[in-house]
Amino acid sequence: MSRIFQTLDALRQRGQKALVTFVTAGDPDLATSEQIVHTLIEAGVDLIELGVPFSDPMADGPTIQLASERALKAGTTLRGVLSLVANIRQKSNVPIVLMGYYNPVFSYGLEAFSRDAATAGVDGLLLVDLPPEEADELHPLLRAVGIDLITLLAPTTEGARAARLAASGEGFLYYVSMTGVTGSQQVDVGAIAVAVKELKASSPVPVAVGFGVSTPEEAHAVAEIADAVVVGSALVRLIAEHSGSSGLLDEVRRYVLQLKAAI
């Protein structure tokens, strides 16, 4: 079992829900990203998603698009993101998932990326523009080095396909709470409940919900349904608002503690 599955399943067996947070690596710079991640972990985050900055983040709303732009302007590369993971690994065993787009991984080289990501300590990879049916070239390479390829499912995923993808899930299933880009609207808890129940019936791994959760109240409502709650845009927005401030890490810690208490 992967570190991702072990962590989330241990929480599930204790009747607890996982808090997953997303930050864009390199926003505002890699050194600050490292401080932010350690603050997240200290505040109780169960799994870290590191966004790999990309010039055309089609699944992301303005908040994460701007974060990607800032990270790229700061000189962040995929190689730099892997170095960040290696630095984090010196102090923590919290599962780390890289989330992003296929182009940087393809450009890096699939074999080289799989090897270097495993060496750095990456546990999972989520590529929002790589359909599972087209991952045959990458998936075996990741499996060989123990990295989970996380499956993304949306409200528009057809029922039979959703069940098939859920049955082959690794690490956890990421259910997108709404149609549209990240951070674009509030979650519809009723609709999510129906979808998550169906996925759980088919999935051997926990189900996480994200793409619209921002407040402690929303996190609480989603935690009543899913195994894990993913918060991204709201945290990235908070980082942008306090970037360069001496109070940045305190603001991050305060927000995450509120989310953790809510779930």
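Q: What are the helices and strands here, and from where are they numbered?
A: Helices and strands are DSSP runs, numbered from the N terminus: a helix (H or I) has at least four residues, and a strand (E) at least two. The structure itself is a predicted model.

Q: Which element supplies the largest share of the lining of the largest pocket?
A: That element is β6, with three residues.

Q: Which elements each supply at least two residues of that lining?
A: There are β4 (124–127), β6 (151–153) and α8 (159–167).

Q: How many residues line the largest pocket, and which lie nearest its centre?
A: The lining has 30 residues. Nearest the centre of the pocket are Leu130, Pro131, Pro132, Thr151 and Leu152.

Q: How much space lies in the largest pocket?
A: The largest pocket holds about 580 Å³ of space.

Q: And how do the lining residues of the largest pocket divide into nonpolar, polar and charged?
A: Of the residues in this lining, 18 are nonpolar, seven are polar and five are charged.

Q: Turning to cavities, how many of 30 Å³ or more are found in the whole structure?
A: The search finds one cavity of 30 Å³ or more. About 50 Å³ of space lies in the largest cavity.

Q: Which residues line the largest cavity?
A: The lining consists of Val52, Leu78, Leu98, Met99, Gly100, Tyr101, Pro104, Val105, Phe113, Leu125 and Leu127. By class, 10 of these are nonpolar, one is polar and none is charged.

Q: Which element gives the most to the lining of the largest cavity?
A: Strand β3 gives the most, with three residues. At least two residues each come from β3 (96–100), α5 (102–108) and β4.

Q: Are α4 and α6 roughly parallel or antiparallel, and why?
A: Angles under 35 degrees count as roughly parallel. The angle here is about 25°, and α4 and α6 are therefore roughly parallel to each other.

Q: Which residues meet where α4 packs on α6?
A: From α4 come Leu78, Arg79, Leu82, Val85, Ala86 and Arg89, which meet Phe113, Asp116, Ala117 and Ala120 of α6. This contact has seven nonpolar, no polar and three charged residues.

Q: What about α11 and α12: at what angle do their axes cross?
A: Helix α11 (residues 233–242) and helix α12 (residues 248–262) cross at roughly 155°, with axes that come within 9 Å. Angles over 145 degrees count as roughly antiparallel, and α11 and α12 are therefore roughly antiparallel to each other. The crossing of these two helices is right-handed.

Q: Which residues make the contact between α11 and α12?
A: On α11 they are Ala234, Leu235, Leu238, Ile239 and His242, and on α12 they are Leu248, Glu251, Val252 and Tyr255. By class, seven residues of this contact are nonpolar, one is polar and one is charged.

Q: Now the backbone: which residues does a cis peptide bond join?
A: The cis peptide bond joins aspartate 27 and proline 28, with omega of about 5°. Proline 28 sits in the loop between β1 (18–24) and α2 (30–42).

Q: And what is phi of phenylalanine 211?
A: Phi of phenylalanine 211 is near 90°, a positive value in a residue other than glycine. Phenylalanine 211 is in the loop between β8 (207–210) and α10 (216–223).

Methods. Residues numbered from 1 in each chain as written. Predicted model: local features only at pLDDT ≥ 70, side-chain atom pairs only at ≥ 80, totals over all residues. Heavy atoms only, no water. 1 Å grid on protein atoms, 1.4 Å probe; cavity = no way out; pocket = protein on both sides within 12 Å on 5 of 7 lines; lining within 4 Å. Points joined across faces, edges and corners; volume = space filled by probe spheres on them. Nonpolar A, V, L, I, M, F, W, Y, C, P; charged D, E, K, R; others polar. Axes fitted to C-alpha atoms, helices over the stretch in contact; angles between N-to-C directions. Parallel < 35°, antiparallel > 145°, perpendicular 65-115°, else oblique. Left-handed = near helix turned anticlockwise from the far one by under 90°. Contact = heavy atoms within 4.5 Å.
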